[in-house]
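Subject: Structure handover

Hello,

Here is the structure for you to look over. My notes on it follow below.

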Amino acid sequence: MALYNQIAVGLDRQPPHVDPLFLFTPDDRAIVSDWCAGFLDAIKLRPAHWRPLMRDQSNNHGVTTIMALGGEPEDYRLLGMRGRPGRGRAFAQLSDQAADSLADDVIAIRDYWRNVAAPSW
């Protein structure tokens, strides 16, 4: 519960702040795919509630990177999305960039839910 509270307090700051926790390889590269898969595990607890965000074409709201790095084909079907990027060189490059951008993605997701009628959980 302490980590949840820490994240909630950080998101309520001005400006908002969140600090994703990553595992690291021996050569000090962040393993962001595990973090993304964990985030998606939480989404999959209530996939129907998350579908509006997943299907919103006006903006990806930070979820595209999380899906690309942590999603499996069945996740895309469950959440009503199409496709899945490959795992080649582009995947490795996106993974390297995501270590710096995932905090902003989480804030964008929070902003999305604040600006639409969020489902009652």
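Leaving aside neighbours within four places in sequence, T65 is in contact (heavy atoms within 4.5 Å) with C36, L94, A98, L102 and D105. This is a predicted model: local features need pLDDT of at least 70, side-chain atom pairs count only at pLDDT 80 or more, and totals for chains, interfaces and linings use all residues. Residues are numbered from 1 along each chain as its sequence is written, and side-chain values use heavy atoms, with hydrogens and water left out.

T65 is found in helix α4. Helices (H or I, at least four residues) and strands (E, at least two) are DSSP runs, numbered from the N terminus. T65 has 16% relative accessibility, so it counts as buried. The cut-offs: buried is under 20% relative accessible area, exposed is over 50%, and partly exposed lies in between (1.4 Å probe, protein chains only). The rest of α4 is mostly covered too: seven of its eight residues are buried. They are V63, T65, I66, M67, A68, L69 and G70.

**The core**

Which residues of the largest nonpolar core touch the most other members? They are W35, F39, L53, I66, L102 and I109, out of 26 residues. The largest share, eight residues, comes from α6. A nonpolar core here is a set of buried Ala, Val, Leu, Ile, Met, Phe, Trp, Tyr and Cys residues joined through side-chain atoms within 4.5 Å. As background, nonpolar side chains tend to be buried together in soluble globular proteins.

W35 deserves a look. Its relative accessible area is 18%, so W35 is buried. Neighbours within four places in sequence aside, W35 is in contact with P20, L21, F22, I66, L102 and V106.

**Aromatic pairs**

The structure holds five aromatic pairs. Rings of Phe, Tyr and Trp (its six-membered ring) pair if their centres lie within 6.5 Å; planes under 30 degrees apart count as stacked, over 60 as edge-to-face and the rest as tilted. One of the pairs is F22 with W35: edge-to-face, 6.4 Å centre to centre, 70 degrees between the planes. This pair links distant parts of the chain. F22 sits in the loop between α1 and β1 (23-24), W35 in helix α2, and they are 13 residues apart. F22 counts as buried, at 16% relative accessibility.

Y112 and W113 also pair. Their ring centres are 4.9 Å apart and their planes stand at 80 degrees, so this pair is edge-to-face. Both residues, Y112 and W113, are buried. One aromatic cluster is formed by F22, W35, F39, W50, Y112 and W113.

**Salt bridges**

How many salt bridges does a search of the whole structure find? Three. The criterion is a side-chain nitrogen of Lys or Arg within 4 Å of a carboxyl oxygen of Asp or Glu.

- D12 with R114: the closest N and O atoms are 2.6 Å apart. D12 lies in helix α1 (residues 2-12) and R114 in helix α6 (residues 89-115), so the pair ties together parts that are 102 residues apart in sequence. R114 counts as exposed, at 51% relative accessibility.
- D111 with R110: the closest N and O atoms are 2.8 Å apart. D111 is partly exposed at 31% relative accessibility, whereas R110 is buried, with a relative accessible area of 14%.
- K44 with D41: 3.5 Å, N to O. K44 is partly exposed at 28% relative accessibility, and D41 is partly exposed at 45%.

**Surface and helix α1**

L3, I7 and L21 make a nonpolar surface patch of about 280 Å². Patches are made of residues with over 30% relative accessible area and no salt bridge: like charges are joined within 9 Å, nonpolar side chains (Val, Leu, Ile, Met, Phe, Trp, Tyr) within 5 Å. Accessible areas come from the Shrake-Rupley method with a 1.4 Å probe; for residues, only the protein chains shown count as cover. L3 lies in helix α1 and is partly exposed, with a relative accessible area of 46%.

Q6 lies in helix α1. At 56% relative accessibility, Q6 counts as exposed.

Best regards
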